[in-house]
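Here is my note on the model you asked me to look over. Please have the sequence and the coordinates open as you read.

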Amino acid sequence: MFYKSTRDDSLKVTASQAIAQGISNEGGLFIPESFPDIKGELESLSKLNYIERAKKIFSFFLTDFTEDEIAYCVENAYRPEKFENSAPTKVVKILDGEKTIYSLELWHGPTCAFKDMALQILPYFLTTSLKKNAQGKKAVILVATSGDTGKAALEGFKDVENTEIIVFYPENGVSPMQLRQMATQEGNNVCVCAVKGNFDDCQTQVKRVFTDPEIKAQLAENNMMFSSANSINWGRLLPQVVYYISTYLDLYAEGEIENLETPVNVVVPTGNFGNILAAYYAKLMGIPFGKFICASNSNNVLTDFISGGTYNKNRPFFTTNSPSMDILVSSNLERLLYHLSGNSTESVKKWMNELNTDGSYTIDESTAEKVFELFAAGCCDDEATGKTIAEKFENLNYLLDTHTAVAFNVYDSYVENTKDVRPAIIASTASPYKFSKSVAQAIGLDTDKDEYEIIADVNAKSGLNIPESLLALKDKEVRFNNLTDRDTIKDFVLTKLGINK
C-alpha cells in the first residue's frame with residue numbers, strides 16, 4: 001500500500017513515510033492509493049476483540065510495518081489500564097421515541113476525549129516510522145488545537161524518545177478544564193502556548209510553518225524534522241476508521257442488527273471533518289453505513305457547504321460552549337473532495353487556492369451531487385445545545401457533553417425532516433466533566449462556584465463517575481502560561497527549539 005497527495009498524485013510514499021512527514025511538501029494531505037474491500041472478512045472480524053480487529057485493519061494499510069511492529073503499537077496503545085472500562089470504546093443503547101441510538105462513547109481514555117483513540121497509538125506509529133526513514137532525527141510535533149487534540153497529543157507524546165511537541169491553542173477559546181489539562185502537562189519534551197486569535201489562526205500559521213522551506217532547512221541542519229499529530233496525519237486518522245468498523249461489528253455480534261448488510265446511519269459532531277471522514281472510509285471498505293450526518297455548532301460552515309456546495313469561511317467566528325468545533329477551516333474536507341471529484345488533484349488545488357486567497361470556493365455539480373447523496377448536515381447554537389442536554393438528561397437519564405449534545409440535536413432535526421429512522425451510531429466525543437459549567441447550567445445547577453465544586457454537584461445529580469484523571473488535576477502545578485501573536489508562531493517554535501537565527 002502506497003500513499004499519494006491530494007494535490008500531487010504523482011507522489012508515491014510508504015505508510016511510514018506518510019506518517020513521519022505528516023503533510024506533503026506542497027501542502028496536500030496523504031491518502032492511500034486504494035481502500036481494501038473487507039466485506040468478505042466481516043464475519044470473521046466480528047468474532048475478534050477490538051485489539052485483534054485493529055491489528056488486522058492496520059495490516060491492510062501499514063504494509064511496510066512488520067506484524068510484530070503493528071502488534072507492538074496496538075498492544076501498548078490500547079492497554080486495558082489506560083481505559084476506564086478496560087476497553088477503548090463503550091456503546092450505550094438509547095431508545096428515544098421511534099429512534100434507536102447507539103451512543104459510541106469514545107472518551108474513556110486518559111484525557112477523556114475521543115482524540116485518545118488515535119493519539120495513544122500515533123506516538124508508536126511515529127517512532128516506528130522514524131526508525132525506518134529518519135534514524136537519529138528528532139521529530140518536532142506541531143499541534144494546533146481547539147481543545148481536545150492538544151491534551152491528547154501531549155499525553156501521548158510526553159517523554160517519547162526523539163520527539164518534541166509544541167501545542168498552540170486559541171486564547172480564551174478552550175474550556176477551563178481543557179486549559180487546565182494542557183497547562184499542567186507533565187513531560188520534559190512538551191510545550192504549550194496560547195495564541196491571540198481563534199483556532200483557524202493557530203491552524204493556518206502552523207501549516208505555514210510546516211511547509212516553509214527555510215524553516216525545514218534550519219531543522220534539517222539541526223537533525224530535526226517536522227511531523228503532525230493533527231488529523232491531517234494519516235497515522236492519526238487511520239485509528240479512527242477502526243472504531244467505526246469495530247462498533248458496527250459489535251452491533252452485529254450482539255444481535256442489534258440483523259445481518260452484515262444492514263444499513264446504519266452515523267452522526268458526528270465535527271469541526272475539522274476528520275472524525276466523520278473516518279466513518280466514510282469505513283464505508284469505502286465495506287461497512288454498510290447509510291447517511292453521514294454532520295453536526296455543527298454556530299460555526300456552521302460545514303452545514304452550509306454540505307447543503308449547498310459552497311464553502312465560505314468569510315463569516316463571523318463564534319466562541320461557543322462546544323469549543324472543539326469552533327473551526328471555520330475544515331482541513332480534512334480536502335481528502336473527501338479528492339475522492340468525490342474523481343481523484344482530481346487539479347480541482348483540489350484550485351479549490352484550496354481559492355479558499356486561501358478568497359476565503360471561499362464552490363465545487364462542481366458532479367462532486368456536489370455526490371456530497372448531497374452521502375451527507376446530511378445541521379447545526380445548533382449554544383441555547384439549543386443546553387436545552388438538548390437538559391432534555392436528554394430528564395427524558396433519557398443520559399448526560400451529554402456539549403459536543404455530543406450538538407450531535408443529538410442535529411440528529412433529532414434530521415429524523416423529523418426526513419423520517420429516516422434507521423438505527424444510528426452517534427459519536428460521543430467527550431466526558432461531560434470536561435465542560436462542567438455548561439453541563440451544570442443546562443441541568444439546573446448553580447455555576448457560580450469553583451469548577452471542582454461544580455463537578456461534584458454534577459456527579460451528585462447525575463451519578464456519572466468523575467474520571468480520576470480529571471480529579472488529579474485539581475492540585476497540579478501550572479507549568480505553561482506562554483502567549484504569542486499568530487504572526488509570531490514561527491519565531492516561538494524556532495526559539496523553543498533553540499535554532500532561531
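The points below go from the overall fold to the salt bridges, the backbone and the surface.

1. A word on conventions comes before the rest. This is a predicted model, in which local features need pLDDT of at least 70, side-chain atom pairs count only at pLDDT 80 or more, and totals for chains, interfaces and linings use all residues. Residues are numbered from 1 along each chain as its sequence is written, and side-chain values use heavy atoms, with hydrogens and water left out.

2. The protein has 22 helices and 16 strands; these are DSSP runs numbered from the N terminus (helices H or I, at least four residues; strands E, at least two). Its radius of gyration, 21 Å, is close to the 23 Å that the globule rule gives for 501 residues, so the protein is as compact as a globular protein of that length. That radius is taken over C-alpha atoms, and the rule is 2.2 Å times the number of residues to the power 0.38. Of the 501 residues, 62% count as buried (under 20% relative accessible area; exposed is over 50%, partly exposed in between; 1.4 Å probe, protein chains only).

3. The structure holds 26 salt bridges (a side-chain nitrogen of Lys or Arg within 4 Å of a carboxyl oxygen of Asp or Glu). One of them pairs Asp 148 with Lys 434 at 2.7 Å, N to O. Asp 148 lies in helix α7 and Lys 434 in the loop between β15 and α19, so this pair ties together parts that are 286 residues apart in sequence. Asp 148 is buried at 2% relative accessible area, and Lys 434 is buried at 0%.

4. Glu 186 and Lys 476 also form a salt bridge, with their closest N and O atoms 3.5 Å apart.

5. Do look at two positive phi values in residues other than glycine. Asp 159, with phi of about 60°, sits in the loop between α7 and β7 and is partly exposed at 49%. Phe 273, with phi near 75°, is in the loop between β10 and α12 and is buried at 1%.

6. Finally, the surface: Asp 364, Glu 365, Glu 369 and Glu 373 gather in a patch of negative charge. Such patches are made of residues with over 30% relative accessible area and no salt bridge, like charges being joined within 9 Å. Glu 369 belongs to helix α16 and is partly exposed at 47%.

How values were computed:
Patch = residues over 30% accessible without salt bridge, like charges linked within 9 Å, V, L, I, M, F, W, Y side chains within 5 Å. Areas by Shrake-Rupley, 256 points an atom, 1.4 Å probe, with all protein chains shown as cover. Lys, Arg positive; Asp, Glu negative; His and termini not counted. Charge placed at Lys NZ, Arg CZ, Asp CG, Glu CD.
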